[in-house]
Amino acid sequence: MLTYRHSVAGDTVRVHVPATPEELDAFLDWARQADGRGPIALDSETSGLDVFSDGYRLRTVQFGDAHDAWVIHWERGGDFRSAALEALTKVRRFLIHNAAFDWLVLDRHAGIPLEDLAPRTRDTRVMAALLDPRQPQEGGIGVGLKPLSAYYVDRSAPDTQGDLTAVFRGLGLTKASGFARIPLDHPVYNLYAGLDVILTARLEPCLAAELARLGVRERLVDYEHQISRICAHMQRRGLLLDEEFTRELDADLSDDAETYAEIAARYGVESVNSTRQIAEALTGMGERLTEQTASGAVKVDKAVLLALADMDLSWKRLGTRTPNPLAEAVLRSKRAGKWRTTYAQTFLETVDSSGRVHPFINSMAARTGRMGVTRPALQTLPSSDQMIRRCLLADEGHVMVSTDFAAVEMRVLAALADVRRMKEGFQSGGGEFDIHMYTAQLIRGEGATEKDRKLFKGAGFGKVYGGGVSALARQTGAAEEEIRRAVNAYDAAFPEIRRASARWQREARATGMVTVSATGRRMPLDRDRAYAVVNYQCQSAARDLLGQALINAEAAGLLDAMRLPIHDEILASVPASEAADYAREFEKAMTFNLFGVPIVSKADVGGRSWGSLYGADF
């Protein structure tokens, strides 16, 4: 048996790599004893990140405690797989860092069902995110195993990732191909694999102690594990891809990117990605560009170009100016190119052998706990899009159902800030209540117009999302002075919002610039953006309503129907003949009472594609 020794926090730890059936017996003896002492850390090494792709390989499964790790070469088959499976089946409790990934790997490639492994798991990544969800560039530790271990376990915790990358280069491999092609018995590879479980085993008690010290409720930790499991279930199921349509879309987007780039070239912009060329051409057309980047360059980002093209964030005409043809051409060329690579090509690259794509669902993607969907990033699609969504289909004989909270941001704001007149409106207005027209009528009287509604909707969302006057003016098309008056009127109508913001900021400053959500989630604030506390509180509460809705939906027997959580929406594939019944059950699962404010939802039944819910004809 090969045994590698290393120092962690002043202790000598051992990484064992069995090579014979007899040495596997020693591993199983250790596993039985370690299981009696407490949870065992678990990890896997694979050929890459696309768990569902053809040719994907599970290479090793490793188990460990604070002092010993065992790297089992799954790829050798036979007795090695049998030993790993015995431990995976019989060990009572596991610690995994980023458990959702390993759940899916072991479910698909080792036959250990997600449903069996997840209830036996404590995820140190989830625990760390509940302590501090910030990435290093935001001032946090991050949620990666190595930086967390360096902070909590050993300031000089070994970063064998760097050593492994050097080995890849020495073998003529890239970082992308290295994990698939490095020899299974390479000592650095095995040491890297083994140390990860030792670090995970040592990290968990540190995180548990810190969670207890800060008063983070165990119930919240358990809740996040439930949501992580449900999201992994949805990722495993995936969505059917209309491959023929997606290939056609890929070609169309390529043509659009080229066509609009040619239009931009007529105005002197040879590259739509050159901010200098765009700024010079727009200035030459008589546009006044007043905003600057941090480095002092003229800003021509998406927000600036949309305003020049007379479009809001949903690419709808504002009707406030003559659209600038160059700004519009640049926007459309860049969007077509981005959508081609981000969506169409990614769909085609990641579709599995059964015709499904499996977007990665990050159950805690933001400080507020808000979920994210990546590869591809489907949550970044504009609400008006039908083209990309048309690629994704319900199962055969099924239709798509989308259930969305109604005005959840404003309902949450009314509840958390105890806004009396808002709460009265929501309580008496029913599910179709229009908070923005209600606000306009409170301020302007019964004769309030649709323009007034749009203005005060912008002011309200400015409160929720922390948008300034300039940003709101761009989004609504109104003059800044008009926006400023609307915000002042909004504050007069709903004074509780400013009082709540001031209170939350005071509380955060008293606790090291951390605001605590209604569910006990800790959310660090940036000192220069303390005003964002309203956004953090509202977004976090809305996210936890969605999380509870997922749990409610599972309890109602709807788990197998669910496909994606997108913002405040649950997307599902349901039998066409039972769509109305499913829709009602989803609405029930997404109905709450939050501090006296009714949280309601509406289910829309579409056709075969997700895009049908947005106007597509299939």
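Histidine 73 sits in the loop between β5 (68-72) and α2 (78-90), where helices (H or I, at least four residues) and strands (E, at least two) are DSSP runs numbered from the N terminus. This is a predicted model, in which local features need pLDDT of at least 70 and side-chain atom pairs count only at pLDDT 80 or more, while totals for chains, interfaces and linings use all residues. Residues are numbered from 1 along each chain as its sequence is written, and side-chain values use heavy atoms, with hydrogens and water left out.

Because its relative accessibility is 1%, histidine 73 counts as buried; buried means under 20% relative accessible area, exposed over 50%, and partly exposed in between, with a 1.4 Å probe and protein chains only. Between the C-alpha atoms of histidine 73 and glutamate 409, which are 336 residues apart along the chain, the separation is 50 Å.

Let me turn to strand β3. In β3 (residues 40-46), 7 of its 7 residues are buried, with Ile40, Leu42, Ser44 and Thr46 on one side and Ala41, Asp43 and Glu45 on the other. Two strands pair if DSSP finds at least two bridges between them, and β3 is joined by 2 bridges to strand β6 (residues 94-96), the two running parallel, with phenylalanine 94 in β6 as the bridge partner of isoleucine 40. To strand β4 (residues 58-64), β3 is joined by 6 bridges, and these strands run antiparallel; here threonine 60 in β4 is the bridge partner of glutamate 45.

Finally, aspartate 255 belongs to helix α11 (residues 243-266), and, because its relative accessibility is 45%, aspartate 255 counts as partly exposed.
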